[in-house]
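Visitor: I would like to go through this model with you. Shall we begin with the strands?

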Amino acid sequence: MTVESVLVPVRKETRVRDIMQTGVVTISAGDTLSTVEDIMTLGGVRHMPVVRGGTLVGVVSERDLLRASLSNLTGFGQEERRAFLQVGEITRVMSTPPIVISPDAEIEQAARLLAEHAIGCLPVIEEGKLVGLVTETDVLRYVAGSWYPGL
């Protein structure tokens, strides 16, 4: 069986700002793990930037929450897990320092950073302020849309 590689045409002029999500919901570094879990569950969000005093200090993901629960609660039930999440602070599990990208960066750079660091999102920073979020799904949709117009 022969496997052929497919070259996906990527528009070089496309920048992170063209595919990033804006109006990103953030969470405070002092909030509990249960708060972020509730927001993620209700909002269908997998990644959240963590801020302290308006400054980005980290990113928390569903994977971070799962890892924290598994490492601390192996063998415990749902009630114990929820109790742990209610007292645990986000700073214990968030990824810090956050790996960020500029809105003017090329999509290829975002894809490389996501892959090299095995992360699911990049906060987008412009002039020191959080202006958006680009996820691995955003990059995949861009590539799929480049190859399959209409996606």
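Predicted model: local features only at pLDDT ≥ 70, side-chain atom pairs only at ≥ 80, totals over all residues.

Visitor: How do E2 and E3 run, and how many bridges join them?
Guide: Strand E2 (residues 47-52) and E3 run antiparallel, joined by six bridges. Among the paired residues, His 47 has Ser 61 in E3 as its bridge partner.

Visitor: What do E2 and E3 form, and how many residues are between them?
Guide: They form a hairpin with two residues between them. Gly 53, in the turn, has a positive phi of about 60 degrees.

Visitor: Is strand E3 mostly covered or mostly open?
Guide: Strand E3, residues 55-61, is mostly covered, with six of its seven residues buried. Val 57 has its place in this strand.

Visitor: Why does Val 57 count as buried?
Guide: Val 57 counts as buried because its relative accessibility is 16%, and the cut-off for buried is under 20%.

Visitor: Which residues is Val 57 in contact with, leaving aside its neighbours within four places in sequence?
Guide: Its contacts are Ala 29, Val 50, Val 51, Arg 52, Met 94, Ser 95, Thr 96 and Pro 98.

Visitor: A change of topic: which peptide bond is cis?
Guide: The bond from Thr 96 to Pro 97 is cis, with omega near -5 degrees. Pro 97 lies in the loop between helix H4 (78-87) and helix H5 (107-116).

Visitor: And what is the phi of Glu 127?
Guide: Glu 127 is not a glycine, yet has a positive phi of about 50 degrees. Most residues other than glycine have a negative phi. Glu 127 lies in the loop between E4 and strand E5 (129-135).

Conventions
Residues numbered from 1 in each chain as written. Heavy atoms only, no water. Buried < 20%, exposed > 50% of the residue type's maximum accessible area, 1.4 Å probe, protein only. Helix = DSSP H or I, 4+ residues; strand = E, 2+ residues; numbered from the N terminus. Pairing = 2+ DSSP bridges. Contact = heavy atoms within 4.5 Å.
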